[in-house]
Amino acid sequence: MRPDRQWIDYRMKDGALTMEFEVGIEGFINFSLSHAELMDQSRIRCPCNHRKCQNRNFQEADTVRYHLAKYGFVRDYYTWYLHGEPIEEDNGELDVNFNEVIDVGFVNPQPYNAFDTMLIDVVRPSFNPNDIEEDPNPTAAKLFEMLKSADQEIWPGNRYHSKLSAIARLLNIKFEHHLSERAYDDICQLMSELLPPDNVMIDSFYSTKKLVKGLGLPVVKIHCCNNGCMIYWDEDSELASCKFCHHPRFRRPMRGSHKQKTNVPYKKMYYFPLAPRLQRLFASNATTKDMRWHSEHESEDGVMRHCSDSEAWKHFNQTHPDFAAESRNVRLGLSTDGFNPFGQSGQQYSSWPVILTPYNFPPWMCMKDEYMFLSIIVPGPKNPKGKLDVFLQPLIAELKTLWEVGVCTYDISRKQNFEMKVALMWTISDFPAYSMLSGWSTAGKLACPHCMEDSDAFTLSKLNYG
């Protein structure tokens, strides 16, 4: 055994990686990356002791770093001859400055990624680059300040309700019992009079909306063509009529009405921006750790318990390694279907909600109602059919921005800001809705989107009973 490689056999001490082993791993990674002729593009041969590796498989440098920390080196691999080190040089030493390593934690430290997260359980805290805490970005800071001020007691000494919980309860009562805004204002004023003088109870529905708006979960109302040809959004937001069918945007005022009123559109849709809702998942201690579950859980070969165990997920990771390197990036599924909200009355009406689900969560969370985000409500009364993509424009534009640029997000569990990016992995729908989402006709000879032109479909000939 080479004297300068004794650290290979002394990986753990008191339940944590030894400093020498940490430094040795970084030295090995740097040494291997300097011999590009022995690499498979950006991947190096993994010498860990896992049964699938042992110098047989090529992995990314971060994966090799994680494997070595978890499994150690393969037995008797003291001379790295498979990584470019001559076998004769048994007395060479790694050019590593231990003083610099102690100061910065790494030799040539790499950016934080998913694999460092998995190391936290097996290394001491000094190995974790997330020890450096950051202040929340302005958007998150505004939310935390609002929650802090709104979470105060209704009056000093009341332990049952805060200002925010009281408002949430009142809003629930209003919508459950269809109370008018005037009735809501009267209830708020009565409660304020009944409570002690130093209470912080809101006094009107306007004050309630102002406080709830501070939560940063906006709703965007977008006017639509009455025939579903277009939406008055982005560059078309100022148009007064449809540029396709020329149908007017606003209803005509009633005859005999002399009051100046706001223009009333024929039809409007509701869009719920996605980014603020995903940011809230990282702003809460109840969910932020679960958003990394997909990359931290242990998977078993041949068993699929989660989408992250599927071949499609793994292929996506290989195709987009930069996206996969950050475990907090969000993978989404989209689903939609039509329903009649007035089914009991017999009225014909077709409304289409578009729902997004983050698949970062474990299986027992990703299908819960509270983590299914309503993104768009496509108005009726007619089925949008082939025009569904018209109403998806705001969502598609936001998804493109989140994929290409990302959004600054504060992770409260690590006290750090990071650029959260988003990828839409799958769409979930029945066969007719599949046609509306994909643009592939599900009727006729080429109805099967898998077989396409290789379909064996045929048409029955008309029978002559004469």
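In which strand is Gln59 found? The structure examined here is a predicted model, in which local features need pLDDT of at least 70 and side-chain atom pairs count only at pLDDT 80 or more, while totals for chains, interfaces and linings use all residues. Residues are numbered from 1 along each chain as its sequence is written, and side-chain values use heavy atoms, with hydrogens and water left out.

Gln59 is found in strand E4, residues 58-59; strands (E, at least two residues) and helices (H or I, at least four) are DSSP runs, numbered from the N terminus. With a relative accessibility of 22%, Gln59 counts as partly exposed, a class that lies between buried (under 20% relative accessible area) and exposed (over 50%), as computed with a 1.4 Å probe on protein chains only. When residues up to four places away in sequence are not counted, Gln59 touches Arg43, Ile44, Cys46, Cys53, Val64 and His67, contact being defined as heavy atoms within 4.5 Å. Of these residues, Cys46 is 13 residues from Gln59 in sequence, and the two are 6.1 Å apart in space, C-alpha to C-alpha.

Strand E7, residues 330-336, has 6 of its 7 residues buried, so this strand is largely enclosed by the rest of the structure. Strands are said to pair if DSSP finds at least two bridges between them. E7 is joined by 6 bridges to strand E12 (residues 422-428), the two running parallel, and in E12 the bridge partner of Ser335 is Ile428. A further strand, E8 (residues 352-358), runs antiparallel to E7 and is joined to E7 by 5 bridges; here, Gly333 has Thr357 of E8 as its bridge partner. In a regular strand, the side chains alternate between the two faces of the sheet.

Val264 is placed in the loop between strand E5 (220-224) and strand E6 (267-271). This residue is partly exposed, with a relative accessible area of 47%, and, leaving aside neighbours within four places in sequence, Val264 is in contact with Arg249, Phe250 and Arg251. Pro253 lies 11 residues from Val264 along the chain, and the C-alpha atoms of these two residues are separated by 8.6 Å.
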